Amino acid sequence: GEAQAPGWGELEESVMITHIAVWITQAVSIREMAVRLLLVLSFFLFSLAQAVAEQPTKAIADCNQFEDSARQIKGCTEFIRLGKALGPNLAVAYTNRGIAYAAQGNFKRAIRDFTEAIKLAPDDPHPYYNRGNAYYDLKKYEKALADYTAAIERGPEMALAYYNRGLAHQRLGHRKESIEDFQKALSLDPSSQAARDRLHKLGVP
């Protein structure tokens, strides 16, 4: 019979998206620029940036680190519960927490967080990519395939998404499509030994 579906060891690792702290830096820079704008707009931007700047730095730091999943979940949850984050920041927090849940093997919770991130940042490829990984580990290969495709549509240079979509195609018996995806992954990232090995196993020189 078919071998047991691989865990994340076979998948290319989850992608750490732009850290929350980077977005906060950008929000503060908007406040500094606001002086040159109309008074009403200046006040709005100042208030918005100030609300972001006042968020606890420990929660942000914990949510941005990937060494301790339990601490990351706690930090991201605290950040989310503040209720002051901007859309992009909130999407980052949900995605990072989803990655932490997935690292613990809690793929259903991870999927909920990635889905929330997609609602907040529908043009960002990273929540789709990471949700695809979670679906893959749940052996829901059709859903994984759809999410990897959505990630590629939003990030066409994302070699990891092509590689993992190739794995999903392989699981579904789509030999031609898996070869095409592994070749594309290798063309985008010539250092990818994983893609090279997959092609070799499929008899492609």
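A residue is called buried when its relative accessible area is under 20%. This cut-off is applied in the legends below, which describe a predicted model.

**Figure 1. Ser178 in helix H10 of the predicted model.** Ser178 belongs to helix H10, which covers residues 175-188. The relative accessible area of Ser178 is 0%, and Ser178 is therefore buried. When neighbours within four places in sequence are set aside, Ser178 is in contact with Gly166, His169, Gln170 and Leu202.

Figure 2. Helix H8 spans residues 141-154 and includes Asp147. Is Asp147 buried or exposed? Its relative accessibility is 4%, so Asp147 counts as buried. Residues up to four places away in sequence not being counted, Asp147 touches Tyr128, Tyr129, Arg131, Gly132 and Tyr135. One of these, Arg131, makes a polar contact through its side chain with the side chain of Asp147, at 2.6 Å.

**Figure 3. The disulfide between Cys63 and Cys76.** How many disulfides does the count give? The count comes to one disulfide. Its partners are Cys63 and Cys76, whose sulfur atoms lie 2.0 Å apart. The pair links distant parts of the chain, since Cys63 is in helix H3 (residues 57-64) and Cys76 is in helix H4 (residues 69-82), 13 residues apart. A disulfide is a covalent bond between the sulfur atoms of two cysteines. The link of Cys63 and Cys76 is right-handed, with 95 degrees about the S-S bond. Both Cys63 and Cys76 are buried.

Figure 4. Helix H5 runs over residues 87-103 and contains 17 residues. From its first C-alpha to its last, H5 reaches 24 Å, close to the 24 Å expected at 1.5 Å a residue. An α-helix has 3.6 residues a turn, so residues three or four places apart point the same way. Of the 17 residues of H5, 14 are buried, and H5 is therefore largely enclosed by the rest of the structure. Just after H5, Gly105 adopts a positive phi of about 85 degrees.

**Figure 5. The chain as a whole.** The chain contains eleven helices and zero strands. Buried residues account for 47% of its 205 residues. Among contacts between residues at least 6 apart in sequence, 56% join residues at least 24 apart. The accessible surface of the chain amounts to about 10700 Å², and 56% of this surface belongs to carbon and sulfur atoms.

**Figure 6. Confidence along the chain.** The mean pLDDT of the chain is 79, and 73% of the residues reach 70 or more. Over residues 1-9 the pLDDT is below 50, and this stretch has 16 contacts in the model beyond near neighbours in sequence. Residues 16-52 likewise have a pLDDT below 50, with 47 contacts in the model beyond near neighbours in sequence. Where pLDDT is low, the predicted coordinates should not be read in detail.

Note on methods:
Residues are numbered from 1 along each chain as its sequence is written. This is a predicted model: local features need pLDDT of at least 70, side-chain atom pairs count only at pLDDT 80 or more; totals for chains, interfaces and linings use all residues. Side-chain values use heavy atoms; hydrogens and water are left out. Helices (H or I, at least four residues) and strands (E, at least two) are DSSP runs, numbered from the N terminus. Buried means under 20% relative accessible area, exposed over 50%, partly exposed in between (1.4 Å probe, protein chains only). Contact means heavy atoms within 4.5 Å. A polar contact is a pair of N or O atoms within 3.5 Å; within protein, one must be able to donate a hydrogen and the other to accept it, and residues adjacent in sequence count only if both atoms are side-chain atoms. The expected span of a helix is 1.5 Å times one less than its number of residues. A disulfide is a pair of cysteine sulfur atoms within 2.5 Å. pLDDT is the predictor's confidence in each residue, from 0 to 100. Accessible areas come from the Shrake-Rupley method with a 1.4 Å probe; for residues, only the protein chains shown count as cover.
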